[in-house]
Amino acid sequence: MPASLTDPCRAWRKLAQMNRLANQRLHNACAQLSPQDYTAPRASFFPSIRETLNHILLVDRFYINALQGNRLDTAALNDARDLTRFAALLVAQKQSDEALLALVDSLTAQTLARIVVVDRGDRQQQDRADDLLSHLFQHQTHHRGQVHAMLCSTHVAPPQLDEFIVGDDAAVREPDMAALGWTEADLMR
C-alpha cells in the first residue's frame with residue numbers, strides 16, 4: 001500500500017500547502033490595491049483589509065509558536081498587529097507560512113496527539129496538537145474569506161481561493177505553484 005494512503009499527517013501537510021497557496025493568490029490580488037484601498041474602512045469583522053490580514057498573521061504566529069513548544073511571544077504578536085505596509089505583511093506572512101509548513105512536515109501520529117500548552121499570558125490552555133491545527137486552518141480560511149469579500153468593493157477582482165488540492169485543479173494552480181517553486185510531486189506526496 002502506498003505510504004500516502006497510510007500517512008496520518010498527509011491531510012495536515014495538504015492543508016498547510018493549501019494555506020500557502022491561498023495566501024499567495026490572495027496577496028497577489030491585494031498587491032494591486034493602493035495604500036488607501038488597503039487601509040480603507042470596510043464592512044467586515046475587522047474594519048479593513050490591512051487589519052484582517054494582520055489578524056491572520058497574528059493568530060498564525062500565536063498558534064505556531066505554541067505548537068513549537070514556546071511561551072507567549074507578545075512582541076511578535078504586537079508586531080503582527082501593527083504592520084502598516086503591505087510589503088512588510090507579505091514578508092512576515094510568508095515566513096509564518098513557511099514555519100507552518102515545516103511544523104506540519106515534522107508531525108507524526110504521536111505528535112499530532114500530544115497535548116500542547118498554549119500560553120495565553122493570564123492562563124495556560126491545554127489542547128491536542130491536531131485540534132489546535134484544525135482550529136488554525138479554519139481560522140485562516142474564515143478570515144481569508146472576509147478579505148475576499150472586501151475585495152469586491154475595490155477595483156481588484158477577488159481571486160479563486162479553493163482550486164489547489166485535487167488533481168483536476170493542476171492547470172489552475174500551475175502559476176501559483178511556479179511562483180512558490182513547488183512541483184506537483186511536492187503537493188501530491
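Modeller: Helix 4 (49–67), helix 5 (74–82) and helix 6 (86–105) each give at least two residues to the lining of the largest pocket; helices are DSSP runs of H or I of at least four residues, numbered from the N terminus. This is a predicted model, in which local features need pLDDT of at least 70 and side-chain atom pairs count only at pLDDT 80 or more, while totals for chains, interfaces and linings use all residues. Residues are numbered from 1 along each chain as its sequence is written, and side-chain values use heavy atoms, with hydrogens and water left out.

The largest pocket holds about 190 Å³ of space. A pocket is an open set of points on a 1 Å grid over the protein atoms alone where a 1.4 Å probe fits, with protein on both sides within 12 Å along at least five of seven lines; lining residues have an atom within 4 Å of a point. Its volume is the space filled by probe spheres set on the points, which are joined across faces, edges and corners.

The largest pocket is lined by 16 residues, and Arg61, Phe62, Ile64, Asn65 and Gln68 are the closest to its centre. Helix 4 supplies the largest share of this lining, five residues. By class, the lining has seven nonpolar, five polar and four charged residues, where Ala, Val, Leu, Ile, Met, Phe, Trp, Tyr, Cys and Pro count as nonpolar, Asp, Glu, Lys and Arg as charged, and the others, Gly among them, as polar.

The second largest pocket has a volume of about 160 Å³.
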